Amino acid sequence: MNGIQEVVGSIPVASKTEQMSKDFGSGQLDPEIADLMGIAAPKAEAKPEFTDLFQDAHPLEKQQAERVDTARKTFEFQTKQEEAPKPFFQDKSYYKKLLGEQGEQGKRVHDLLTQFAATEDPQTKSVLRARLATAYWEMATQIAGRISPAMPAHQRLLLRFGILSPALLSEEQRSLVSRIIFNNNSGEPVHYQDEWLLKIAQGAVNPSASDEVKRAKQDAGSKTREIIEKRRGQRQAELSLLAGKLRQLEEAEGGLASCVQTILRHQTRAEFGGLKDAFSPEQREAIVQIQNILRSLSNLDREVRESYASVEGIDRDLGELEEKAEEGGPAVSVDRTTVLAEFGSVRQMSKMCVGRQGNHFPILAKQYFRPNIKEIATRENVINAMARVEALDSGLFERTFKGQTTRIVPHVLLLPNYGESGVCWEPFERFNRASSRGRIAIPLFPKDLDYAVLSALADLRWQVAKEKAQHYWMEEGITGKYYQWFDEQKLRGDVKDFFIRDYALWITKEAQGTQKLDREVRGIFWRNLPFPQAIKDNLKNRGFVYGELYKKDQNIAMSDGY
C-alpha cells in the first residue's frame with residue numbers, strides 16, 4: 001500500500017474509522033502507521049515530551065530591517081550537517097490536529113486525499129490529484145497568513161517541509177527530517193519557507209516584487225511612503241559605501257604605522273661607537289610609501305566626510321518625509337495581506353523550480369525523495385554548494401557602486417517542492433540596486449542538489465548582468481557577448497536557459513579541464529567569469545584551448561588591459 005493510502009482516515013470523527021475499513025480492507029494498514037494516524041483502537045495517549053518547539057513569550061513585533069554584512073568575504077564551510085533528533089512526530093494526533101484546526105479547508109483536503117487514495121482509475125486519479133494539490137495550497141495559504149513565532153510545530157513543519165502527515169513518510173525519512181538542523185546558526189541569508197514568511201510578517205525584509213498583481217492608483221500617502229523606501233535604500237547603499245571607505249582608511253593607517261616603525265628601527269655603526277646609521281634602502285622605500293599613504297589618507301578622509309554628509313542629508317530628508325507621511329495618516333504596517341501576497345509570490349517561485357513537466361504534487365511523500373541528507377537542499381548543504389561555486393567564480397556575489405565593490409549574498413529561499421532547477425526571482429530590490437540582496441529559490445527535494453544550486457546562481461549571474469546593462473543587454477557585458485554568439489548560431493529558445501546550461505558546464509566540467517563548451521562560449525566565460533589564477537595555471541597544461549586562452553591573458557596583462 002502506498003504512502004497516500006496510509007495517511008487517509010484520521011479526521012476526528014468516529015464514523016471515519018469504520019469507513020477506513022470499508023475503503024482499504026480490514027488489517028491492511030500497517031499497525032505503526034494506523035497508530036500514528038489515530039485509526040487504531042483508543043489507547044491512553046502518552047503526553048509528548050514537548051508540545052511546541054516554537055513557543056515564544058514575545059508577541060509578533062516589527063523588527064529592524066536587516067543590514068548586509070559586507071565584511072564577510074567567503075562562506076564558512078558547514079561541517080555540522082545534522083543534530084540530535086527532535087520529537088516532531090511523537091504526537092499521535094499530528095494529522096488530526098493539523099486538519100482539524102483548518103476547519104472546512106482541512107476537511108476538504110482530507111476528503112480529497114481519501115478519494116485520491118481509494119481510486120484506481122488513472123484518469124480519475126489525475127483529476128483528484130490536481131484538486132488535492134489546489135486544496136492543499138489553499139489550506140497552506142490559510143496557515144501562512146497566521147505565521148508567528150508561537151505557531152504550532154505541525155503547522156510550521158507543513159510550511160517548511162510540506163509535511164501533511166508523518167504517515168506519508170517512512171520511519172527512516174521521519175528520522176531524517178527530525179535530525180535536520182532547525183535554527184540558522186550560520187548567519188547566512190538562507191531561509192526555509194516558514195522562516196522567510198516570518199521575516200516578512202515582522203518587517204525584517206521587504207516583500208518580493210511581483211508582476212502578477214497590478215498596483216492600484218496611489219494616493220499621496222502611498223507615494224510618500226514609496227519615496228521613503230527609496231531614500232532608505234539610498235541610505236543603506238551610502239552606509240555600505242562608507243563602511244568600505246572606513247575599512248580602506250584603517251588599512252592605510254595600519255600601513256602607515258608599519259612604515260613609521262620601519263623608519264624608527266635604525267641600524268648602528270659599531271666602528272663609530274654605536275652611532276645610528278643612515279636610512280637603509282628599506283627605510284628609504286618606507287619614506288616613499290608614507291608619502292603615497294598620506295596622499296591616500298587625505299583622499300579617503302575627504303570621501304568619508306562626504307559620505308557622512310550624504311547620510312546626514314538623507315536622514316534629514318527621511319525625517320521630513322516621515323513627518324509628511326504621518327500627517328497623511330499612519331503608515332501601512334506589515335499585515336496578513338502582505339504575508340498572503342508574499343506566499344503567492346513564493347508559490348510562483350515553487351512552480352518555476354518544478355517546471356512545466358515536473359512533479360507539482362505539493363505534499364511530502366516517501367516515494368518522492370530519498371532518506372539521504374546529502375541529497376536534500378538543507379541550509380547547510382546549500383551554503384556548502386554555494387561556497388564551492390564561489391571558489392570557482394569569485395565575482396559571483398560582487399556588486400560595484402561608486403567605484404566600491406562589495407560582496408552581497410542574495411536571500412536564498414528553500415522551498416518544499418520536488419523541483420529540478422533553482423531560479424532567481426529578482427537580482428536586487430527595486431528601491432536599492434546598490435546594496436540590497438536579491439532573491440533566489442531552490443527546491444528542498446531536487447533531483448540533483450548541485451545542479452539546483454548552480455542553476456539558481458547562473459540565473460542570478462545573468463539577471464544582475466542584464467540589469468546592469470539595461471537597454472544594452474544584447475550588446476554589452478557578458479549578456480551581450482553571449483547573446484551575439486547565440487544569435488550567430490541561429491539557436492532557438494530562451495537565451496537565458498542556454499546560458500544557465502553552459503554556466504553549469506563551465507563550473508562542473510571546464511574547471512576540471514573537460515572540454516564541453518563551444519569554443520567561443522569558453523572564451524566568453526574565460527574573460528568574463530574567470531577562474532581563480534591557480535585554476536588557470538592548472539588548466540593551461542590540460543589542453544591546447546586552455547593554453548591559448550592563458551597566453552591571451554598574458555598578452556593583455558603586458559599591454560595593460562584591453
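Keep in mind as you look that the model is predicted.

Let's begin with strand E6, which covers residues 411–415. How many of its five residues are buried? Five of the five are, so the strand is largely enclosed by the rest of the structure.

Strand E1, residues 190–192, pairs with E6 in the parallel sense, over three bridges. To find one place where these two strands meet, locate Tyr192, whose bridge partner in E6 is Leu414. Strand E8, residues 439–443, also runs parallel to E6, and five bridges join the two. Here you can look for Val412, which stands opposite Ile440 in E8.

Next, move along the chain to Glu510. This residue sits in the loop between helix H16 (495–508) and helix H17 (519–528). Is Glu510 buried or exposed? Its relative accessible area is 0%, and buried means under 20%, so Glu510 counts as buried.

What does the side chain of Glu510 make a polar contact with? The partner is the side chain of Arg522, at 2.9 Å. Leaving aside residues up to four places away in sequence, Glu510 also touches several others, among them Leu505, Gln515, Phe531, Leu539 and Tyr546.

Methods:
Residues are numbered from 1 along each chain as its sequence is written. This is a predicted model: local features need pLDDT of at least 70, side-chain atom pairs count only at pLDDT 80 or more; totals for chains, interfaces and linings use all residues. Side-chain values use heavy atoms; hydrogens and water are left out. Helices (H or I, at least four residues) and strands (E, at least two) are DSSP runs, numbered from the N terminus. Buried means under 20% relative accessible area, exposed over 50%, partly exposed in between (1.4 Å probe, protein chains only). A polar contact is a pair of N or O atoms within 3.5 Å; within protein, one must be able to donate a hydrogen and the other to accept it, and residues adjacent in sequence count only if both atoms are side-chain atoms. Contact means heavy atoms within 4.5 Å. Two strands pair if DSSP finds at least two bridges between them.
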